[in-house]
Amino acid sequence: MSLRKGAFHHMRWNEPIIYQLSKPGQRGLLVPEAEAGIERLVGDGLSSIPENMKRSAPPNLPELAQPQVVRHFNRLSQENLGADSNIDIGQGTCTMKHNPKINETFARSPKMTDLHPCQDPSTVQGILEILFRTEELFREISGLDFCSFQPGGGTHGALALATMVRAWHRDRGEDAQRNEIITTLFSHPSDAAVPKVKGYKVIILPPDEEGLPDLEAYRSALSERTAALFFTNPEDTGIFNSRIAGFTNMARQRGALCCYDQANANGLLGITRAREAGFDMSFFNLHKTFSSPHGCGGPATGLLMVDRRLEPYLPVPVVRRDEGTGRFHLDFDRPKSCGKVRAFYGVIPVVLRAYAWIMSLGAEGLEEASRTAVLNNNYFMKKMLEVRGCSISYPKHPARIEQARYSWEKMKEETGFGTGDVQRRIPDFGTHYWTSHEPWVIPEPFTIEPSESYSKEDLDEYLGIMKQISRECYEEPEVIGDAPHSSTVHLIDHEYLDDPDRWAITWREYTKKYTGYFQRR
Amino acid sequence: MTEKRRVYPYIPNSEPGVREAMLRVIGVDSVDDLLGDIPDGIRMKGRMDLPEPFLAEADLRRHVEGIMARNITAGEYLNFLGAGCYDHHVPAVVDEIVGRSEFLTAYAGEPYEDHGRFQVLFEYQSMMAELLDFDICNVPTYDGAQAAGTSLRMASRITGRKKALLAGNMNPDRLQVVRTYLDPAMTAEAFGWDKNTGLLDLEDLVSKMTEDVAAVYFENPSYLGTIESQGERIARIAHESGALMVVFVDPSTLGVLEPPSRYGADIACGDIQPLGVHMNYGGGLGGFICTKGDKRFVEEYPSRLFGIAPTNEKEWGFGDVAWERTSFADRETAKEFVGTHAALWGIAAAVHLASMGPKGMADLGRVIIQRCLYARKVLGKIRGVSTGAPSGSCFKEFVVDFGKTGHDVGKINEMLLSRGVFGGKDLSGEFPELGQSALYCVTEKTGKNDIDRLVEALSDILR
């Protein structure tokens with residue numbers, strides 16, 4: 001048990017909203033002024049603006065001097081719990097892992113930050129080489145052939161997949177006929193939501209009694225209308241679908257494309273790949289498996305890999321090397337391209353970090369990362385199932401890959417406290433826990449993903465926290481009732497957030513609706 | 001497990017002793033025993049064929065920095081490129097805050113342990129709403145292009161119509177992304193603009209204004225840098241036929257330019273990269289969508305919207321507003337989709353706007369316009385060079401026509417490069433009707449000396 005048990009209290013500054021700190025006349029930053037020579041020649045500039053386009057009233061922005069700006073945001077950062085500061089294994093499916101600091105050095109260098117996307121290729125040979133090499137690395141990691149860096153996250157990776165699927169079938173004259181995409185219930189919600197945005201009818205396969213996509217349902221869903229599969233594997237349960245090659249094979253025979261959501265590939269590096277499992281396309285979240293920090297929710301990258309048959313349809317441009325000169329360039333001349341999913345070329349600093357991470361580990365190290373993630377997960381699972389009130393989805397399947405979906409169903413029945421209550425209590429211990437993607441087909445779910453970054457002691461400490469919370473649910477219900485106690489703030493009234501009359505999405509809305517502390521005007 | 005194992009600094013349980021102990025607890029002999037679900041037929045045979053790694057951090061640094069050293073940055077040369085990604089000053093205070101590991105390494109904590117993230121992004125939404133003079137702003141989207149695409153889809157859902165009329169002078173790179181978002185739910189048609197003035201062609205707009213039009217979209221300033229002053233008339237044309245007006249706006253202009261809400265826009269969108277985010281080779285983009293507070297609009301956002309709520313100890317609490325809209329809540333009936341977008345850049349923009357305040361934004365707008373006017377004027381004096389069309393007012397970009405110099409833009413830019421200058425973006429491919437023209441950009445970082453140096457270089461080249 002941890003030496004620090006019970007000692008945690010999150011920073012609690014009671015920091016005002018920035019508008020409450022505003023003092024008219026203060027300046028946080030000065031901007032350059034036009035040189036005298038310019039002023040003489042063109043005047044104040046403002047008179048050149050058409051009269052009706054001159055801003056009539058200045059924007060109501062707060063006014064603060066720089067020390068007060070820094071203090072405010074520094075305090076807010078201290079009221080946030082990053083992966084650097086906690087044992088962040090409770091955000092299952094998201095692969096929270098160490099973000100190596102050396103990679104920040106690379107990402108923050110002017111050699112990265114100060115590049116304009118329209119610079120002449122001769123001036124960006126360094127970053128183009130990084131992109132080119134990264135494509136080569138992923139060729140080996142996925143078994144597929146070509147890549148696009150454009151998608152700005154996993155969901156965006158799914159958008160790129162769906163856009164490619166459309167371009168492929170359109171080119172074959174089958175676009176109108178193939179209007180369905182098949183996914184599974186334990187795949188990421190975006191694997192259903194994104195194809196809908198791209199105009200597909202989405203068929204969601206339910207799990208069978210073993211938790212795997214139901215084969216019979218799949219057989220009857222598959223038809224000449226199927227445009228593609230969007231599968232995660234292992235799914236959110238952590239169970240690997242051992243029949244996957246059969247699924248992809250059947251789809252291929254029907255002329256559908258097989259798309260692999262490898263947002264989280266953290267248990268599989270060097271063990272099994274998209275290619276061997278029969279997939280045509282895949283995307284990898286570089287901010288998950290490949291260590292780039294999550295940034296409170298982006299910027300990120302869902303790197304897209306495709307089989308060579310699909311290469312002509314990739315988003316434009318792609319990075320190529322001239323074999324004669326060895327120089328790198330961007331190839332925009334791609335008549336069959338599906339277009340673009342993002343402005344310019346992607347979130348390039350994230351790619352740079354991922355490149356550095358892969359190159360710091362090599363083939364053996366990547367495999368070690370994955371095998372350790374599997375080890376950690378199964379160790380944690382063994383011990384977690386000893387905690388009172390906890391069970392696991394599909395218990396017949398003993399081993400899981402990199403994560404597992406558990407349930408507090410029994411505890412909920414016995415104490416009235418379920419996963420939402422645990423989630424509310426856990427900040428008191430300086431860590432974090434997420435329930436699970438909806439819908440909650442597994443009752444009172446939670447998903448733990450103890451990636452390779454966490455030591456045995458870390459896992460034991462987190463297990464100790466889970467044990468204590470379970471004990472409290474059974475024996476000290478008053479502690480759970482109005483938790484959290486030592487977090488930044490106390491119990492939040494979420495009803496305000498679902499009621500159009502009461503919600504306030506900006507300070508402007510708040511001050512229109514309320515005065516003082518939530519007193520209705 | 002007798003082979004000599006390497007211990008990796010990022011992988012604590014790679015140490016053989018602890019590994020053995022954990023395997024014993026699980027009750028298996030090796031990790032392979034845990035991978036039984038993965039059939040042999042799809043296992044990797046042998047090891048991945050990857051380059052030898054740089055295991056020591058010092059070696060890795062030499063390797064990566066060695067490659068990146070081949071880049072020449074916009075700071076090392078003189079830069080006049082814009083076209084959707086802008087070389088503004090990034091305040092040190094912004095870099096300091098977004099570099100804080102509490103923000104940088106966080107992801108999706110709850111409003112308790114991640115109170116700070118919720119509050120900053122609520123403040124971001126609040127300041128953006130003020131800048132745009134609207135009630136609502138979302139947590140950032142991937143980029144301004146997504147914000148534009150989603151704004152149009154929101155307009156389609158609100159009006160029940162399926163067509164977008166897009167200004168012919170919009171950013172072509174952005175147009176390609178917008179098409180991806182519209183296809184196949186909506187169709188798009190371009191309406192014209194006047195290449196002499198840069199203004200939109202309202203006659204053409206009216207002629208295309210049919211009953212299936214959900215939204216009229218234009219950019220202000222336009223891709224070619226001109227300020228569109230006919231917003232009110234465009235709004236009237238759109239509204240009279242039951243369509244909405246969507247305006248993509250550069251937020252760095254809004255200290256001095258009227259925001260779209262004041263000339264009738266129903267939805268304003270844009271990119272926050274100019275507000276304190278490094279260019280990052282185009283990777284610094286992040287989008288915003290602003291609307292009025294009408295529930296009809298709020299419920300069509302796919303994005304996270306952070307709201308303020310009371311706690312039982314009277315603190316400021318936060319959480320997700322109208323969660324049921326999102327694809328996290330219901331994957332099949334959601335408004336489009338939401339995921340990991342560009343939240344950290346929202347934090348950057350919050351710090352930027354709080355530092356600038358209303359006076360900073362006004363000063364910023366003023367100096368940029370002054371330098372832009374100066375550059376346009378002095379470049380226009382070079383023999384054969386014209387900066388007269390489009391003639392409209394500009395903010396930070398303007399078109400330079402080299403048609404009469406006898407050189408094409410590609411060649412001129414090559415020669416500028418050899419003099420340490422990144423010339424303006426070549427428009428000859430994107431807008432052939434402008435001939436051999438380039439789009440030049442100046443910001444508050446571009447001093448008079450820099451502009452004079454450009455004039456000197458061009459005069460020398462075109463001599």
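Tutor: Let us start with Asp37(B), which has 20 C-beta neighbours inside 10 Å and therefore counts as buried, a residue being buried if 20 or more other C-beta atoms, placed from the backbone, lie within 10 Å of its own, exposed if 12 or fewer, and partly exposed in between. The model is a predicted one, in which local features need pLDDT of at least 70 and side-chain atom pairs count only at pLDDT 80 or more, while totals for chains, interfaces and linings use all residues. Residues are numbered from 1 along each chain as its sequence is written, and chains are lettered from A and ligands numbered from 1 in the order in which they are written.

Student: Which residues does Asp37(B) touch, not counting residues up to four places away in sequence?

Tutor: Asp37(B) is found in the loop between α1 (16-26) and α2 (57-68) of chain B, where helices (H or I, at least four residues) and strands (E, at least two) are DSSP runs numbered from the N terminus. Two residues are in contact if their C-beta atoms, placed from the backbone, lie within 7 Å. With sequence neighbours up to four places away left out, the residues touched by Asp37(B) are Ile239(A), Phe240(A), Ser242(A) and Ala399(A).

Student: Which helix gives the largest share of the side of chain B that touches chain A?

Tutor: In the contact between the chains, 173 residues of chain B meet 178 residues of chain A. The largest share of chain B's side, 25 residues, comes from residues 343-380, which form helix α11 of chain B.

Student: Is α2(A) roughly parallel or antiparallel to α11(B)?

Tutor: Helix α2 (residues 66-78) of chain A packs against α11(B) with the axes 9 Å apart and at an angle of about 155°, the axes being lines fitted to C-alpha atoms over the stretch in contact and the angles running from 0 to 180 degrees between N-to-C directions. Angles under 35 degrees count as roughly parallel, over 145 as roughly antiparallel, 65 to 115 as roughly perpendicular and the rest as oblique. Therefore α2(A) is, relative to α11(B), roughly antiparallel.

Student: In β7(A), what is the bridge partner of Asn285(A)?

Tutor: Strand β6 (residues 281-285) of chain A runs antiparallel to β7(A), joined to it by 5 bridges, and two strands pair if DSSP finds at least two bridges between them. Strand β7 covers residues 302-306 of chain A, and 5 of its 5 residues are buried. Within this strand, the bridge partner of Asn285(A) is Gly302(A).
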